[in-house]
Amino acid sequence: MQARAPPSYMKRFQRQLVEGKVYALSNFMVWTKMKCYMACRNGLMIYMGGQTVVDEISDGTDSSIPLHSFEFVDFGNVPSRNRDNSLFTDVIGQIVSIEEEGQAWKSGEASRNISFRNLHLRDLRGRPMLVTLYGDLGRNFDAEKVVKQGREVSIVAVFAGMLVQLYNGIGFTVRSTSASKYYLDLDILEVQELRTSLADRHKPIDCLPCQLQNLINPTELVDSRRTIEQLKSLNPHELHSRTKFLCIVTLKGINCTKDWWYEGCFHCNWPISWDGSKPLCIKGCPNNQLPVPLYKLDAVMQDATGTMNIMIFDKPVKKLVGVSAEELVEDTAGEQISAVISSHHQSRALLVGPTEGDSW
Ligand SMILES: [Zn+2]
């Protein structure tokens, strides 16, 4: 069962509770679980508070209590956990290769470059899975040591408290969160099983350069600033797919004569086509979810040099409007969507690029 402490008692419990030790807890509440970020499948959870008493048990009566508990997701089922943050994802696999640390541009409330490290795993059946460790988790991963150990024996890793995300051009990835932790060659049954089955297929771990760097240098971003006039005179045949430009514009209005939303793939946001009653993602994602309504606004943007129609897809529109397309689609006509959006910020800096997508 998951136990939770409010922020005001967090420091105290962090001091009192050490992973791997056994405690008797008393004076806590039991209540229904939270809607998201649960580490185990249980309808209830423990709420610890100021009155909760923590007593360490160290007389050996604890030997029957397992020190670790994971809910491993089969590699084949990882796609079905995409965007599902109700439950964290735990995976287990043999480390096949380790990439060097990379940097990626993360857009959001505070856009910045963040560091990451990719690890390639395989499971019992040899199926591959990419794991991304962000920030300190990736930085502190002792790749050199793991590679050295991996020369003699297979290294089996457990990643806990992870989420699944689909990245453009990369695929379904098990990525770390602030709650994530990894364990190498842990003494549990699942690790032993995987190890035994891999014993006769041992291969040293490969060290790879970071295969996808998506770094944006803030200075370069400023250098990439273009006016609408300059954007209009670009030659599309000379552009690289990942070229990004910065353009400061005012949103003049929405072209309401066209649809402002479309049915997109739950996983990747690309359009879907219908095969009878079955939704098919045009990118070929596994179809385990119904499509979702997503924004596609034909927006008229203006700066001192001219005006331009810019198609804005889902994510930035959600930021402008404050609600998802799904919430508006039921009872909002074309003209109303324009009013809803005009009532928000009049100007925004938009990062535009030929394939500015969902990823990173
Ligand atoms: Zn898709």
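Me: Let's start with Asp185, which is partly exposed: how many other C-beta atoms lie within 10 Å of it?
Reply: Buried needs 20 or more other C-beta atoms within 10 Å of a residue's own, exposed is 12 or fewer, and partly exposed sits in between, with C-beta atoms placed from the backbone. Asp185 counts as partly exposed because its number of other C-beta atoms within 10 Å is 16.

Me: And what is the phi of Asp185 near?
Reply: Bear in mind that this is a predicted model, in which local features need pLDDT of at least 70 and side-chain atom pairs count only at pLDDT 80 or more, while totals for chains, interfaces and linings use all residues. Residues are numbered from 1 along each chain as its sequence is written. Asp185 lies in the loop between strand 12 (181–184) and helix 4, where helices (H or I, at least four residues) and strands (E, at least two) are DSSP runs numbered from the N terminus. Asp185 is a residue other than glycine with a positive phi, near 45°.

Me: Asn269 also has a positive phi; is Asn269 buried or exposed?
Reply: Asn269 has a phi of about 70° although it is not a glycine, and it lies in the loop between strand 15 (261–264) and strand 16 (272–275). With 24 C-beta neighbours inside 10 Å, Asn269 counts as buried.

Me: Where is confidence lowest in the chain?
Reply: pLDDT is the predictor's confidence in each residue, from 0 to 100; the chain mean is 85, with 89% of residues at 70 or more. Strand 6 is at the top with 97. The lowest mean, 44, belongs to residues 347–352, that is, strand 20.

Me: Which residues have the most contacts inside the largest nonpolar core?
Reply: A nonpolar core is a set of buried Ala, Val, Leu, Ile, Met, Phe, Trp, Tyr and Cys residues joined through C-beta atoms within 7 Å. The largest one has 36 residues, and those with the most contacts inside it are Ile95, Phe159 and Val174.

Me: Which strand gives the largest share of this core?
Reply: At least two residues come from each of strand 6 (89–99), strand 8 (112–122), strand 9 (128–134), strand 10 (156–167), strand 11 (171–175) and helix 4 (189–198). The largest share is nine residues, and it comes from strand 10.

Me: From which domains does this core draw at least three residues each?
Reply: Domain bounds here come from an automatic or database domain assignment. With those bounds, this core draws at least three residues from each of domain 2 (75–208) and domain 3 (218–352).

Me: How many residues does the second, separate core have?
Reply: Its members include Leu251, Leu294, Met301 and Ala325. The size of this second core is 15 residues.

Me: Which residue is the bridge partner of Leu121 in strand 9?
Reply: Strands of a sheet pair through backbone hydrogen bonds, either parallel or antiparallel; here two strands pair if DSSP finds at least two bridges between them. Strand 8 and strand 9 run antiparallel with seven bridges, forming a hairpin with five residues between them, where Gly126 in the turn has a positive phi of about 85°. Leu121 has as its bridge partner Met129.

Me: And which residue in strand 11 does Thr132 stand opposite?
Reply: Strand 9 pairs with strand 11 in the parallel sense, over three bridges. Opposite Thr132 stands Arg175.

Me: How far apart are the C-alpha atoms of Ser115 and Gly102?
Reply: Ser115 is found in strand 8, and its contacts beyond four places in sequence are Glu101, Gln103, Gly135, Gly138 and Arg139. Gly102 is 13 residues away along the chain, yet the C-alpha separation is 5.6 Å.

Me: Through how many residues does a hairpin join strand 18 to strand 19?
Reply: Strand 18 (residues 292–303) and strand 19 (residues 306–313) run antiparallel, joined by eight bridges, and one of the pairs is Lys296 with Phe313. The hairpin joins them through two residues.

Key:
Two residues are in contact if their C-beta atoms, placed from the backbone, lie within 7 Å.
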